[in-house]
Amino acid sequence: MEDCYNITPVFKKGLLSEVSNYRPISLTSIFCKLFERLIQNKILTYLSDNNLISPHQHGFLTKHSTCSQLLETVSLNDWSVALRNEHVVDVVYFDFAKAFNVVSHVKLISKLQAYGIDATLLSIVIDFLTDRSQRVVLRAGASAFSKVVIGVPQGSVLGPLLFLLYINDITDLFPGHVSIKHYADDIKIYMEINNISDAAVFQNSINLVREWAQMWQLKLATTKCVLDSGELMLVFIL
């Protein structure tokens with residue numbers, strides 16, 4: 001049986017008349033959210049017991065936040081050590097366009113299987129993702145229902161965790177001297193650059209992110225991807 005959901009558009013920023021400036025939030029029942037919480041806790045316990053979540057991920061996890069990510073990067077080690085040694089650090093910030101909305105269900109399920117998620121939990125997640133239809137509800141009326149074939153539901157309890165698992169393996173791309181930190185889909189990689197060889201290694205890491213995104217059907221929001229390098233980064237730290 002197909003599940004039907006109402007969507008409320010939540011404005012982010014920019015022009016009010018631009019549809020892409022709204023985040024689609026699924027409206028689900030309290031019972032649904034409670035059940036999702038049970039499933040989420042089961043999956044998180046399994047992931048934690050087996051150390052499967054990247055330690056560089058700071059989004060949607062207990063005792064993690066944007067602050068913990070910044071403190072780990074700037075104050076505790078990486079950038080502060082480089083600054084004391086008067087070394088240059090290059091940093092690239094990546095942002096994925098509409099990341100939650102374009103997650104491939106088939107590829108997500110394959111990743112969950114690879115992580116060894118219990119068959120019963122996996123079947124529940126598959127049921128959660130498939131046979132969904134949604135419509136946008138506004139004060140003046142509602143749209144027709146449309147079938148959902150990609151994406152994890154925003155506004156749900158389980159959706160953020162599923163997205164974290166979808167991008168969790170991106171941290172495996174880089175050699176030890178290239179560092180990565182991410183908060184949900186906002187990712188930064190950085191490295192001390194001391195010579196041309198280091199610059200080539202860092203450029204290759206940037207290329208790897210692009211290739212990974214193409215493989216997993218995530219599009220980089222190029223206007224939001226930023227490079228901070230050399231003296232500019234030192235000014236930021238100071």
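Biologist: Where does lysine 63 lie, and is lysine 63 buried or exposed?
Modeller: In this predicted model, the place of lysine 63 is the loop between helix 1 and helix 2. The cut-off for exposed is over 50% relative accessible area. Lysine 63 has 81%, so the residue counts as exposed.

Biologist: What is the phi of lysine 63?
Modeller: Lysine 63 is not a glycine, yet its phi is positive. The value is about 65°.

Biologist: Which loop holds phenylalanine 60, and what relative accessible area does phenylalanine 60 have?
Modeller: Phenylalanine 60 is also not a glycine and has a positive phi, about 60°. Its loop runs between helix 1 (30–49) and helix 2 (66–75). Phenylalanine 60 is partly exposed because its relative accessible area is 43%.

Biologist: Where is serine 156, and is serine 156 buried or exposed?
Modeller: Serine 156 sits in the loop between strand 6 (146–148) and helix 6 (158–167). Buried means under 20% relative accessible area. Serine 156 has 8%, and therefore counts as buried.

Biologist: Which backbone atoms does the side chain of serine 156 reach?
Modeller: A polar atom of the serine 156 side chain lies 2.6 Å from the backbone oxygen of proline 153. The side chain also reaches a backbone nitrogen at 3.0 Å, and that nitrogen belongs to glycine 159.

Biologist: Which residues are in contact with serine 156, leaving aside its neighbours within four places in sequence?
Modeller: Contact here means heavy atoms within 4.5 Å. With those neighbours in sequence left aside, serine 156 is in contact with Lys33, Glu36 and Phe128.

Biologist: Is valine 149 buried or exposed?
Modeller: Valine 149 is in the loop between strand 6 and helix 6. Its C-alpha atom is separated by 15 Å from that of lysine 98, a residue 51 places away along the chain. The relative accessibility of valine 149 is 57%, so this valine counts as exposed.

Biologist: What is the relative accessible area of lysine 181, and which side chain does lysine 181 join in a polar contact?
Modeller: Lysine 181 belongs to strand 7 (residues 179–183). Lysine 181 counts as buried because its relative accessible area is 4%. At 3.4 Å, its side chain makes a polar contact with the side chain of tyrosine 190.

Biologist: How many residues of strand 8 are buried?
Modeller: Strand 8 covers residues 186–193 and is mostly covered. Of its eight residues, the number buried is six.

Biologist: Which residues stand opposite isoleucine 189 of strand 8?
Modeller: Strand 8 pairs with strand 3 (residues 88–95) in the antiparallel sense over eight bridges. Strand 8 also pairs with strand 7, again antiparallel, over five bridges. On the strand 3 pairing, the residue opposite isoleucine 189 is valine 92. On the strand 7 pairing, the residue is isoleucine 180.

Biologist: What phi does alanine 184 take?
Modeller: Alanine 184 belongs to the hairpin of strand 7 and strand 8. Two residues lie between these strands. Alanine 184 takes a positive phi near 55°.

Biologist: In which sense does strand 1 pair with strand 4, and in which sense with strand 2?
Modeller: Five bridges link strand 1 (residues 3–11) to strand 4 (residues 132–138), with tyrosine 5 partnered by glutamine 134. Six bridges join strand 1 to strand 2 (residues 22–27), where threonine 8 stands opposite isoleucine 25. The sense is parallel with strand 4 and antiparallel with strand 2.

Biologist: What share of the residues in the protein chain is buried?
Modeller: The chain has eight helices and nine strands, and its C-alpha trace spans about 60 × 45 × 30 Å along the principal axes. Its accessible surface comes to about 13,200 Å², with 59% belonging to carbon and sulfur atoms. Of the 238 residues, the buried share is 40%.

Biologist: How far apart are the centres of the positive and negative side chains?
Modeller: The protein chain has 20 positive and 22 negative side chains. The centres of the two sets are separated by 9 Å.

Methods
Residues are numbered from 1 along each chain as its sequence is written. This is a predicted model: local features need pLDDT of at least 70, side-chain atom pairs count only at pLDDT 80 or more; totals for chains, interfaces and linings use all residues. Side-chain values use heavy atoms; hydrogens and water are left out. Two strands pair if DSSP finds at least two bridges between them. Helices (H or I, at least four residues) and strands (E, at least two) are DSSP runs, numbered from the N terminus. Buried means under 20% relative accessible area, exposed over 50%, partly exposed in between (1.4 Å probe, protein chains only). Accessible areas come from the Shrake-Rupley method with a 1.4 Å probe; for residues, only the protein chains shown count as cover. Lys and Arg count as positive and Asp and Glu as negative; His and the chain ends are not counted. The place of a charge is taken as NZ of Lys, CZ of Arg, CG of Asp or CD of Glu. A polar contact is a pair of N or O atoms within 3.5 Å; within protein, one must be able to donate a hydrogen and the other to accept it, and residues adjacent in sequence count only if both atoms are side-chain atoms.
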